[in-house]
Amino acid sequence: SPKIIGLTGGIGSGKTTVAKFIEEFGFPVYYSDERAKEIVNEDNVVKTKIKELLGEEAYDENGLYNRKFVAEKVFSNKELLDQLNQIIHPAVRVDFEDWVKKQTKYLIFKETALLFELKLNKECYKSVLVTAEDNIRIKRVMDRDGKTYREVQAIMEKQMPEKDKIKLADCIIYNNTNLEDLKEITEKIVFNIE
Ligand code: ATP
């Protein structure tokens, strides 16, 4: 069976950019956060459970997940957020396991923002953390999403501190410069995993 490499990083670290490079190098990447967004729309068991937890408004008239409503509802309610995650995370886990079974490469990657938070690194052969200085990450997300400095900072403050992730990671990609450098560092790391 293939070796699973966990790929993670906080908001604006560049983990998705790294994942795209990894795909260019010929290795499959499972995008956990992206798949989670699809699963809440596709999996009827998940949909029913979310409606039971948060109300019918969690889905719009077309049956599509109302991200804004859900985000507002769980933003300052840890209990509710935990319950929502207890619906979504196991469904993503099953989806990932199905995906793994279909892979033929010896090395495969799992991109997830919550690798260490959910202790998913324990189920990986190695973990790769993408990181950059706070100000650089904030600036990138402001440019990408049109958010304000404060908004990005608020999201960052809710995530696991960078110093804790650095302690847990097997490999670290420092993404403080440009995309050319990032691609080069990524290539070195990917082809040196043993
Ligand atoms: P999020 O968790 O918020 O989705 P992420 O970790 O997946 O973030 P990316 O989307 O890969 O981060 O990168 C954030 C933004 O910064 C993107 O617009 C990306 O193009 C840009 N970016 C990433 N790395 C660099 C770099 N080295 N130089 C310039 N721009 C970069």
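By class, how many nonpolar, polar and charged residues does the shell around the ligand have?

Analyst: Quick caveat: this is a predicted model, where local features need pLDDT of at least 70, side-chain atom pairs count only at pLDDT 80 or more, and totals for chains, interfaces and linings use all residues. Numbering runs from 1 along each chain as its sequence is written.

The shell has five nonpolar, nine polar and three charged residues (Asp, Glu, Lys and Arg are charged; Ala, Val, Leu, Ile, Met, Phe, Trp, Tyr, Cys and Pro nonpolar; the others, Gly among them, polar). In total, 17 residues surround the ligand, with C-beta atoms, placed from the backbone, within 6 Å of it. Gly14, Thr16, Thr17, Arg140 and Arg144 are the closest.

Leu182, Thr186 and Val190 are its buried residues (buried: 20 or more other C-beta atoms within 10 Å of its own; exposed: 12 or fewer; partly exposed in between). Seen down the axis of H9, they fall within an arc of 60°, so they line one face; the arc is taken over directions from the helix axis to the C-beta atoms. An α-helix has 3.6 residues a turn, so residues three or four places apart point the same way. The buried residues of H9 pack against H1 and strand E5 (171-174), with contact meaning C-beta atoms within 7 Å. On the other side of H9, Glu180, Glu184, Lys188 and Phe191 are exposed.

Technical notes:
Helix = DSSP H or I, 4+ residues; strand = E, 2+ residues; numbered from the N terminus. Contact = placed C-beta atoms within 7 Å.
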